[in-house]
Amino acid sequence: MIRFALIVASTLGFVLTAAMGNLMVPLLRAFQSRQQPTRPPEPERPDAAPGPDSDEDPERPAQPPTMGGLCLMVGVLAAVGVGWTAACVAEPQLLGTEGLLSTRLLIALFGALLFGGVGLADDLARIRRRAPLGLRRGTRLLLEAGAGAVVLLLLGASRCLATGLALPGLGYVELGVLAPLVWEAGLVALAESVRIADGIDGLCCGTAFAAQLGLMLCMTILGWFPLAVFPAALAGALMAFLLWNFPPARLRLGSVGSLFLAGALGCAPLCIGWPDLALPLGLPYWLEGGMVAVQIVVYQTTHGKKQLFRTAPLHRWMELRGSSAVQIFYTFCVLALLGAALALQWAKIS
């Protein structure tokens, strides 16, 4: 019956997200157009024809609306709710205190929503204040750290917080009092890495789909099969969102969507006591964020005289070398599948 719940969650996530996309694309486009700075109208000339800067130019493509992550979040929440209800109806013991399954699921969902809320603030700052970079870096990092701290406090209060890492070949490595600090740093680093990766149409969506499939299989192997309803619903929703987000995109995730995905990928493994799974599952994101971090360190230590890479992150480097958006999308999906395969092996031998 749990398998039926997973099928229900993934199917409903797909259907609801696809429907929400149809509903929200015109709404988001209208909202963003109202927030854009307007130019004073120029006097009409009878001999003037629409030029390249004219609003009537049929050759200029319209910018796809952002903040599409909102429809992703709504679809996932509804799908998880229905899937978990179906599972609990079939197996009422899931609502019991043993394993605290409901508590762990709710904390994972809440954590993903908290990070999505930070992304929403970033998107609104970018649109309403006409600041291309959104929130200031310090403000954004502080909000992400706050979201991670809330998740850790809830897990600690529920006595579900992991105190170590299960490393292949080394067994379970206890971190003791350092564990919360490590998890906090990891959540913030993952959030920033996923946000950086959201620079090419479809990149975050495609890689997150592979990561959630891998997480669902890992949960099955590790004995957390009922909680796999969350990644199952998210995988179905991401498949639907790819209909809008595949390059060239008609709807973009925005910071709200990318940080929601980062929160889900970071909080779900943490809530089942396997935070180390986020390392292989987030392989494409760690490559993106790690490349930027190395570039910054080299630049700072040489006082701006040297750069290790021509540009960063990885998808921009590939773009500079002539790769198209579609080629970059498929390359990163292969990396994500490799990360999912590593996570499965990680779960089997740990």
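The sulfur of C204 lies 8.5 Å from the closest cysteine sulfur, which belongs to C205, and this is too far for a bond, given that a disulfide requires a pair of cysteine sulfur atoms within 2.5 Å. The model discussed here is a predicted one, and a search of the whole structure finds zero disulfides in it.

**Cysteines**

- C333 takes part in no disulfide either, as the nearest cysteine sulfur, that of C205, is 9.0 Å away.
- C204 is buried, with a relative accessible area of 1%, and C333, at 15% relative accessibility, also counts as buried, since the cut-off for that class is under 20% relative accessible area.
- Two of these cysteines return in the helix contacts below, with C204 among the residues of α6 that meet α8 and C205 among the residues of α6 that meet α7.

**Overall layout**

- The chain has 12 helices and two strands, and from the N terminus on its elements run α-α-α-α-β-β-α-α-α-α-α-α-α-α.
- Of the 350 residues of the chain, 48% count as buried.
- Among the contacts in the chain with a separation of 6 or more, 75% are accounted for by residues 24 or more positions apart.

**Helices α6 and α8**

- Helix α6 covers residues 203-221 and helix α8 covers residues 254-271, and their axes come within 11 Å and cross at roughly 15 degrees.
- Because angles under 35 degrees count as roughly parallel, α6 and α8 are described as roughly parallel to each other, and their crossing is left-handed.
- On the α6 side the contact is formed by C204, A208, A211, Q212, L215 and M219, which meet S258, L261, A264, L265, A268 and P269 in α8.
- Sorted by class, the residues in the contact of α6 with α8 comprise 10 nonpolar, two polar and no charged residues.

**Helices α6 and α7**

- The axes of α6 and α7 come within 9 Å and cross at roughly 165 degrees, and with angles over 145 degrees counting as roughly antiparallel, these two helices are therefore roughly antiparallel to each other.
- In passing α7, helix α6 makes a left-handed crossing.
- From α6 the contact draws on C205, G206, A208, F209, Q212, L213, L215, M216 and M219, while α7 contributes P231, A232, L234, A235, L238, M239, F241, L242 and N245.
- The contact of α6 with α7 has, by class, 15 nonpolar, three polar and no charged residues.

**Helices α2 and α7**

- Helix α2 (residues 69-90) and helix α7 (residues 229-245) have axes that come within 9 Å and cross at roughly 140 degrees, so the two are oblique to each other.
- The crossing in which α2 passes α7 is right-handed.
- The residues of α2 in this contact are G69, C71, L72, V76, A79, V80, G83 and W84, and they meet V229, F230, A233, L234, A237, L238 and F241 in α7.
- When the residues of the contact of α2 with α7 are divided by class, 13 are nonpolar, two are polar and none are charged.

**A235 in α7**

- A235 lies in helix α7 and, at 4% relative accessibility, counts as buried.
- The C-alpha atoms of A235 and F14 are separated by 8.1 Å, although the two residues stand 221 residues apart along the chain.

**H315 in α11**

- H315 lies in helix α11, which covers residues 314-320, and H315 is buried, with a relative accessible area of 1%.
- Not counting residues up to four places away in sequence, H315 touches I196, A197, G199, I200, L203, E288, I328 and F332.
- P284 is 31 residues away from H315 along the chain, and the C-alpha atoms of the two are separated by 9.9 Å.

Key: Residues are numbered from 1 along each chain as its sequence is written. This is a predicted model: local features need pLDDT of at least 70, side-chain atom pairs count only at pLDDT 80 or more; totals for chains, interfaces and linings use all residues. Side-chain values use heavy atoms; hydrogens and water are left out. Axes are lines fitted to C-alpha atoms, for helices over the stretch in contact, and angles run from 0 to 180 degrees between N-to-C directions. Helices (H or I, at least four residues) and strands (E, at least two) are DSSP runs, numbered from the N terminus. Angles under 35 degrees count as roughly parallel, over 145 as roughly antiparallel, 65 to 115 as roughly perpendicular and the rest as oblique. A crossing is left-handed if the near helix is turned anticlockwise from the far one by less than a right angle, and right-handed if clockwise. Contact means heavy atoms within 4.5 Å. Ala, Val, Leu, Ile, Met, Phe, Trp, Tyr, Cys and Pro count as nonpolar, Asp, Glu, Lys and Arg as charged, and the others, Gly among them, as polar. Buried means under 20% relative accessible area, exposed over 50%, partly exposed in between (1.4 Å probe, protein chains only).
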